Amino acid sequence: MITWNKIFERSYYNLQVPSRPKIDIVHNLTSNIIAVETNKIGGWDYRFIGYLAPYVYIPDSGERTYANWKRLYIGSQTINLQPEDILGGLEVIPKLWIPDITVRVWEGLTA
């Protein structure tokens, strides 16, 4: 049985401006099972809206390195992360034509 714990919920507006904010989900994940719900206002693509990109920081340089990007769609989906994906943070990278987005993330805890 999986118990869901909400770890992130935020809305972002005006994403089509040059100073696009990063949508970072900073949480010490203990499970590799997460659920992601996305909603948007506007834009022409009604289904595929971006990526979930796990990242870690490279020591000494502070640069991010990404691996195993997952496609995100409107609505809810369950994602099984690889063990190396939970070592760092998660970033939601919306497609360029998405003006507004709401992201909710739950961590699945197994009993």
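This is a predicted model: local features need pLDDT of at least 70, side-chain atom pairs count only at pLDDT 80 or more; totals for chains, interfaces and linings use all residues.

Student: What makes β4 and β5 a pair of strands?

Tutor: Pairing requires at least two bridges between the strands. β4 and β5 have three bridges, so they qualify as a pair. One of the bridges involves V56, whose partner in β5 is T65.

Student: With which other strands does β4 pair?

Tutor: β4 is joined to β6 by four bridges, and these strands run antiparallel; within β6, K70 stands opposite L52. β4 also pairs with β8 in the antiparallel sense, over six bridges, and there G89 is the bridge partner of Y55.

Student: Why is β4 described as largely enclosed by the rest of the structure?

Tutor: Seven of the ten residues of β4 are buried, so the description follows from that count.

Student: What is found between β4 and β5 in their hairpin?

Tutor: Six residues lie between the two strands. D60 is found in this loop, and D60 has a positive phi of about 75° although it is not a glycine.

Student: Why is D60 called exposed?

Tutor: The term applies over 50% relative accessible area. D60 has 88%, and therefore counts as exposed.

Student: Where is N14, and what is said of its phi?

Tutor: N14 is in the loop between β1 and β2. N14 is not a glycine, yet its phi is positive, at about 55°. With a relative accessible area of 54%, N14 is over the 50% limit and is therefore exposed.

Student: Why is the pair of F48 and Y51 called edge-to-face?

Tutor: Two tests are applied. Ring centres must lie within 6.5 Å, and planes over 60 degrees apart count as edge-to-face.

Student: Which residues form the cluster of ring pairs?

Tutor: The cluster contains F48, Y51, Y55, Y57, Y66, W69 and Y73.

Student: How do you know that R71 and R64 sit over rings?

Tutor: The distance limit is 6 Å from the ring centre, and a condition on direction applies as well. R71 lies over the face of F48 at 3.6 Å from the ring centre. The charged end of R64 sits over the ring of Y55, 3.8 Å from its centre.

Student: Why do β1 and β7 stand at the edges of their sheet?

Tutor: The open sheet has four strands in the order β1-β9-β3-β7, with antiparallel pairing. β1 (2-12) and β7 (75-80) each have a single partner strand, so one side of each is left without a neighbour in the sheet. Within this sheet, eight bridges join β3 to β9, and I41 stands opposite D100 in β9.

Student: What makes E9 partly exposed, and which residues does E9 contact beyond its sequence neighbours?

Tutor: E9 lies in strand β1. Its relative accessible area is 42%, between the limits of 20% and 50%, so E9 is partly exposed. Leaving aside neighbours within four places in sequence, E9 is in contact with V103 and R104. The C-alpha atoms of E9 and V103 are 5.6 Å apart, although 94 residues separate these two along the chain.

Key:
Residues are numbered from 1 along each chain as its sequence is written. Side-chain values use heavy atoms; hydrogens and water are left out. Rings of Phe, Tyr and Trp (its six-membered ring) pair if their centres lie within 6.5 Å; planes under 30 degrees apart count as stacked, over 60 as edge-to-face and the rest as tilted. A charge sits over a ring if NZ of Lys or CZ of Arg is within 6 Å of the ring centre and within 35 degrees of the ring normal. Buried means under 20% relative accessible area, exposed over 50%, partly exposed in between (1.4 Å probe, protein chains only). Contact means heavy atoms within 4.5 Å.
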